[in-house]
Amino acid sequence: MVTTFVILTIVTLVSAIAAMSLRNLVHCALCLVLTFAGLAAFYLQLNAQFVGFAQILVYVGAVAILIVFAMLLTRNVDSTRQAILSPSWGVGIVGALLVFGAIVLSILCSTMVHRPALSETQVTVLAIGEQLMTNYVLPLEVIALLLTAAMIGAVIIALHEPTSESSAVQNPRLEPSVPSVPNPAQVPRTDHP
Amino acid sequence: METLEQIKGRITAIIPGARVDLIPNECPSNQPSLLIDQEHGVRIAEFLRDDPQLRLDYLSNVTGVDWPDTIVKEKVKVMKLVEGVETEVHGVVERKKQGYLEVVYHIYSIAHKHGPVIVRLRTNDRNVAVHLPSLTPIWRSAEFQEREIYDLYGVIFDGHPDLRRILMWDGFEGHPMRKDYVEPDDYEYEPTPHDEVLERARSHQARNAVL
Amino acid sequence: MDQGLRSELSKQGIFTTTLEGLYNWGRRNSVWPLQFGLACCAIEMIATTMARYDLARFGAEVFRPSPRQADLMIVSGTVTKKMAPQVVRLFNQMPEPKYVIAMGACAISGGPFKQGYNVLKGIDRYIPVDVHIPGCPPRPEALLHAFMTLQRKIDAQKLSGPERPRHLNTDAPSEFPVPKFGPHDLVPPYNPEVWQPPKMVRAV
Amino acid sequence: MSDAVVTPLEGVFAPLQFPEPGAPRQLNYSVAPKMSADGSVAGDFLEVAMGPQHPSTHGVFRMDVVLDGERVVKLKPVFGYLHRNHEKIAENASYLGSMPYTDRLDYFCSMTNNWAYALSVEKLAGLQPPERAEYIRIITAELTRLVNHVCLVGFLLQDMGALGTPLMYAFREREKILDLFEALSGSRMMCNYMRFGGCRVDLPAGWLENAKQVVENFPRFLDDFENLLSANEILIARTQGVGALSAALAINAGVTGPLLRACGVNYDLRKVDKYGIYERFDFRVPLGDHGDVYDRYMVRVLEMRESLKILRHALRDIPSGPIMDPKAKIRGFRPKIGEVYGRIEGPKGELGFYLISDGGPNPYRYRVRPPSLINLTILEDMCLGRNVSDVVVILGSIDIVLGEVDR
Amino acid sequence: MFEAIDQIFVALKHWVVGQFPAAWQPLGSVFLSIIPILAVFPLLFAITTIVERKTLGRIQNRLGPNRVGPFGLLQPVADGLKSLTKEDIVPYAADQVVHFLAPIALIVPVLLAFSVLPVGRNMVPIDLDAGLLFFFAVGAGSELAVFMAGWSSRNKYSLLGAMRAIAQMVSYELPLILSSVTVVMLVGSLSTVKIVEAQGEAYGWLLKWHVFTPWGLAGFLLFMIAAAAESNRTPFDIPEGESEIIAGYLVEYSGFKFALFFLGEYLGLFAVSSLAITLFLGGWHAPFSFLEWIPSYLWFFGKLSAFIMLFIWLRGTLPRLRMDQLMNLAWKFMLPMCLINIVVAAMWHFTAHWQFVGAVLCRWLLCGAAIGVPYLWLGDALFGEKKLAKRTYRFAD
Amino acid sequence: MLGAGIIKGMAETARNFIGSYTEANLLVTVEYPEQRLPLKESMRNFPFLVFDGEDWQKGLRCVACQICEKECPPQCIFITKDAAKKPDYMGKLQFQPKVFDIDTSVCMSCQICVEVCPFEAIKMDTEFELSTDNRFGDLLLNKEQLARSNEHYHKIHPTEATEVDERLAGEKAKAEAKAKAAVAAAAAKPVLPPKPTAQ
Amino acid sequence: MSVDHQSYLFLAVFLVVAALFPLVPLALAWLWARSFSPQKRGRDKNAIYECGLETKGDSTIQFRPDYYLYGIIFLVFDVEAIFLLPFAVAFTKLPVGAFIAIMIFLLLLVEGLVWAWQKGVLTWK
Amino acid sequence: MLPLHYYLIVSAALFAIGLAGALTRRNAIIALIGIELMLNAANLNFIAFWRYGSRPEALTGVMFVIFSIGVAAAEAAVGLALIIAIYRHYKTTNLDEIDSLKG
């Protein structure tokens, strides 16, 4: 149990650090995938099977893909030359460490840490479904609204408004050298000197 | 279809200053052609295409032809200083006849289903004045064929939208279809060599050895 | 040489022979050609893969479009000087072990077009050819015959020793220099390491 | 296609429209990327070289494509990778010596190439092939057309990713016709069969019966072929509306052959020039209305059916008699000074030979008018704004053979 | 007797596990479940390659490989040996690590997907409560592997192929999930074992396979189309579209890595086919109750072989779709159809209590109309304003 | 309806699949090394030199006139004349080739050498299994490798060979008749020798 | 040990074995290359393949936003599937009201889909 | 069963890593990934607390995480869309540059 936990912790945290510190963006994304997978494993270990697999399905299957798309869409031309960290990186690191310290301190000081685990309950998908459709119907509808709104919003933001230039692409050069002039058979060209 | 004489007459009537010559063809094929001048080339081509009686809307074939400089021997009397005395001597003068590059257009009409009308354009010489008007703006089918003639013969077509080498690579020098083009000598070895090839190969190998 | 060493060597020999047999058998029966046609012979090459001749019987119908997955380059047709660098580069980009069949007169020697200024007089000036098929174009059966010739050649290859083929030899070059375009000709006109014609003495 | 509506054709084509005379060709690159000084493309575009080794460029053809995503914004055909100096070699060879080289121009259609060359030389030298030879020429030429079209359809489907099944069926039938050619000329592809003033050898015994059998069986194969393809939704979706070409542009760009007829222009040299003895045969010229890839495909399929009609007729009527013009001679052939342009309707379009004779044993100028090359002129126009998958299909529908494009 | 033959492998496994010391029994059981997967499905891959080549040959009127070993059956062995000894080229410009990891990243999730597929009665490696979700979750991993392969090669074609692949797999994953939701609705479980068991009841002599219902039939067809697209099979082999982008994301792969991609793709095909069998075709159940004596695993692999043959047949017949058509099909046809199919499945459930005469026919008509009308409508609208049609041609004399 | 055409196409491939087991004309593969298609009588690949009789050196029909060398479009024939002459089939003394090489790596099988040869000495072989890894050794054929007997010619092109034999026999008979007539004429009135026939 | 933990043990072991499964032949291939057939690199050999030409231009190019738009819609529907699956499992045990609730849920999302369809987002350009 | 604080500390570490990344990296996408990590760390907390809570059968933690995943997905979609829109405008994803370019 502990071994599993340690392995998972190492995988998750190391890949998380890598995801935050690697220079190559796509490497970051791939490490992030590993982090997500590690988290999913934690969920499984905590007997939340459905959440674990949902985590993989959504984060690995969709969010990671979206991040990768975004990375390929925004080419960082000079990422190899520039520093990857912002000038105020020291402040950030220190801040993060402070936060980490504070949380750990409070965890260790709290009484909860010694709370024993309860008996292993089977969380079936059926139970989740029943809960979802009874107690959580309102949040469900709200989340649908949120997702729809997010989708529409994101699409509007990301949608490249077709400018006049790119709208002309539809059928560009099919007739370029043959502009429509009246049939020369009917209009004899005698006006030329 | 009208005869070439009629076409020639109409061209010279409509386009002032245009010079059109009739080039006869005696062989059984009987395909005479019109030699048109460079300045009015495009205008004449346009006339041929748009004239309602001709409507030569379809340019089928564009050919480059190389007519190298020829040496015409003529017997002339020349005054020459022979031993201090100027005397009249019968001599043979080799007069150089200026060669030229020629481009031949075979034009048909799809609308009237007649043709061909054969039109020729000639450059002034083979080295410098190798410019001819491009007929690509009139008939797009000339685009690749004129590029090919530029590549293989070295005719520069003014007004061509994209005059680059087409068959040979970009760094290639010379125009290989010209009659005087010397091919790179890579017959160093042949199992069935003819004598002259063998001779050439020997010199080539010697040159390679030096290099 | 003492007895033990000899028996050890013979044991190794048996092992090597089995391995060599297996290796050659595998290579021989799974020759994937590069999907690459040059000229007229390419059509006969395609005809060879088609129903009547069916190159697939030999397990060789897997024409791979990428050189990375191909074993055999069938130089099927005239190699022009403009094309030669590309052919050599494609050959270089194929992983070892790789073989070349020069199909047809043009690929071997320039063939009927050898008098042309833009025609390479044989692809073996730049890359080593394993099997030559004369003919213009060779019949599909001739290509099948050449394929079997190639299989026999693979069968005879040694896994070790001085006679081992190029790809097993560390000292052999990894690739063949790609010729450059010169003003009239390719530079260099041939690769002397590959192209070593015998001196032809004509008794006239 | 049995249910094709046959409508009488009155106006041959829509009124033609021409560019403003004298104006340089309008190259509408408004969609194209800006070029920097060194010729490279500026901006976020992908420059891809498709070819010279590419599965669907039908040989060593290259298209320098600039892509925006997958959409083509610029396409430059690059060829010459098979420039074998055919014209130069022919200018140094005897008239007869060039005949086997014409086989290697368009290596699917050696018979029609032979015929075009022989026809030109015959015009130049005033030779007249005897009637039997004319029949043989028509039979072989139409068989060639079948071979070419059926293979083209196979390759087109190959380009669409059909994994070779249509191509296999096409080659299955091609082999039967090649057997005929081999029995006749001794070689499967490079027939070298026609001679100035006739044909090289007479038909061998039993050839006509074999040919009749092949021709009789061919319609059944075509039916099967069309069952496999013509109604296939994927094929229709991939081809209809793709690479459409207007009649005016097609004529102006010198497009010939099935491509031109797919645009609705009735121009078939077999009808227009009436070369050979095509006048005697009753056949129709199928015409498309949209000029897209599907029309090109269908026009070819329908043309095959018309060719079969000609073949049936010719195989029935072929007379006996000599096969060579008695005036013709094999060695020492020197036509008079002059020039000629002869052309025939090859399977790919107008195949012409332009010859200048200076009275010597070899032509002074020998020029091939390659239909494939000229049909390529409008490749870019058809491909711009479409995606990569369409490019290969459009290229496939043009039906190029690099031996002919580059010569 | 039949029962014993049916359970022979299960009994064997239990017997072997019993031989282990008690502490090692769980692990032994795990390995005894893994080994068959690793043995059977790669072997099936090898057999499939030769069968595919021979079948395609027959479709194309030729023989196919027949010279290596008896009937050419050793052909895959030769191919494998060759791949193993082939040089492995990694371009200098490539991202070496990702390039190396990509084939492994493809194989691992695909293999994992087999853990929830029941191949026979009591023959499932693990029976997860969220088994179906697990299957889709690991399936998502293969998308990333394809992207890794294409991106790391630094090749333009492979990048194009990778983008095509992701777009395609992403688009077809939704129909895949949504078409199986219908089954889940009526079975009431995500467990693959329960889904198979639910199809074991019989109506007379016909079993209650889901494909024998209107929503099941529609769902099955939708699932099959999505499955073909997910596993990059013709007519959806766009990411590798040989004639367009050489070999797509595989362009720069040589040697055994290339073989691994091939293996991964075929294993993916087996996995989705198996899932289709599990969801719609009764899993390891026989179609008729009187045929239940045939061992269940034979039924399963028989169905799988039929699926493989179907895919080969499709591959031998159809040309490839274009990218925009592919996307249109996914988003404008498959996705709405799947959503409608969910409603139809609900209708089927809500009408289950109908008892009157001809109730079955009424249910069929109702559900059939509910799925058929949108099919015709969406299918017609699929090609947008440019209606595709058979054309007529003019002839000039 | 969407999908109908696809089903039609699949029926067609299924028919071919099943047909490849049941119908002979739908499995067209010829398993080459074991099975072979009969070669067409007119098939041509590379030229060979015909000789009459048993001894190839004596019976070689070639008279080294070098017409084929000149006419060969790819110039793959190389001939040098031997100073020594040998009698041809009519007994007339003719030149013979000292070297007669054909480079099959260049030959384009166009058959023009055969067409232009006035002596029926060079004909086309049907052998095509010539692939080799020895480019210079095996592909350049010399006189000895090229020589094939007239029987071989008869075997591969029976109709053509018979015609050729008949023609040659006719010419020989004609020449003999002429010679006989000349002899007779000479015997009758020995004035002028007969003009050499221009052949 | 519970059923689930046995399953997770299986998954963990299988994960390792599945990773080893491709690695073993790759290692074999590497061993073969080491002992017999040396890996030889070359400038051209290890260059990027581009139809036989030297590759030019950048291959890490910016892609069109279309991919991203599809990605967004996919993400949203993927999340929807997460909610749909538990519903589906419980479907037979739920009242009709729950079905109506999920229909509203679906309709909201379908509305987004229809909007995107109308907007032309689903049209591949 | 492991004690609860193990998971909490892992979660805290993950949160800190995400925070550090979000604060220090110049690239907007990486910053977004950092935020994503922080969200996930919170999810881990939810699950852990639920698992060690008094009424695991109430499924509150699971529900929370499921909805949180939905919200995170929406956030990622909009966030990345914003980055793309910004990139299209400023041709950079560098946060500092965007900062200095605005206006």
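A salt bridge is taken here as a side-chain nitrogen of Lys or Arg within 4 Å of a carboxyl oxygen of Asp or Glu. The model is predicted, so local features need pLDDT of at least 70 and side-chain atom pairs count only at pLDDT 80 or more, whereas totals for chains, interfaces and linings use all residues. Residues are numbered from 1 along each chain as its sequence is written, chains are lettered from A and ligands numbered from 1 in the order in which they are written, and side-chain values use heavy atoms, with hydrogens and water left out.

By the salt-bridge criterion, four salt bridges are counted between chain C and chain D. One of them pairs D:Asp179 with C:Arg52, with 2.8 Å between the closest N and O atoms. On the side of chain C that touches chain D, helix H2 (40-49) and helix H3 (84-93) of chain C each supply at least two residues; helices are DSSP runs of H or I with at least four residues, strands are runs of E with at least two, and both are numbered from the N terminus. H2(C) gives the most to that side, with six residues. The contact, defined as heavy atoms within 4.5 Å, takes 35 residues from chain C and 31 residues from chain D. Chain C and chain D bury about 3000 Å² between them, and 64% of this is on carbon and sulfur atoms; buried area is the accessible area (1.4 Å probe) that two parts lose on being put together, summed over both. In chain C, the residues losing the most area to chain D are C:Ile43, C:Met50 and C:Phe113, which together account for 20% of what that side buries.

Among the 19 pairs of chains that touch, chains A and H have the most contacts. Here 73 residues of chain H are in contact with 81 residues of chain A. The area buried between the two chains is about 6800 Å², with carbon and sulfur atoms giving 78%. H:Arg25, H:Arg51 and H:Phe67 supply 10% of the area that chain H buries against chain A, more than any other three residues. The count of salt bridges between chain H and chain A is zero, and five residue pairs, both at pLDDT 80 or more, are in polar contact. Helix H1 (4-24), helix H2 (28-51), helix H3 (60-90) and helix H4 (95-101) of chain H each supply at least two residues of the side that touches chain A. H3(H) gives the most to this side, with 23 residues. By contrast, no contact joins chain A and chain F, whose closest C-alpha atoms lie 27 Å apart. Chain E and chain H are likewise not joined by any contact, and their closest C-alpha atoms lie 14 Å apart.

Chain B holds an open sheet of five strands with mixed pairing, in the order E1-E2-E7-E6-E3; two strands pair if DSSP finds at least two bridges between them. Its edge strands, each pairing on one side only, are strand E1 (20-23) and strand E3 (58-67) of chain B. Neighbouring strands of the sheet are turned by 25 degrees against each other on average, direction ignored. Within the sheet, strand E6 (residues 100-109) and strand E7 (residues 114-122) of chain B run antiparallel and are joined by seven bridges. B:Tyr105 has B:Val119 in E7(B) as its bridge partner. Helix H3 (residues 142-153) of chain B lies across E3 and E6 of chain B and runs at about 10 degrees to E3(B) (axes are lines fitted to C-alpha atoms, for helices over the stretch in contact, and angles run from 0 to 180 degrees between N-to-C directions).

In chain D, D:Glu91 lies in helix H1 (residues 86-91). D:Glu91 is buried, with a relative accessible area of 5%; buried means under 20% relative accessible area, exposed over 50%, and partly exposed in between (1.4 Å probe, protein chains only). The side chain of D:Glu91 makes a polar contact of 3.1 Å with the side chain of B:Lys179.

Methods. Polar contact = N/O pair within 3.5 Å; in protein donor to acceptor, adjacent residues only side chain to side chain.
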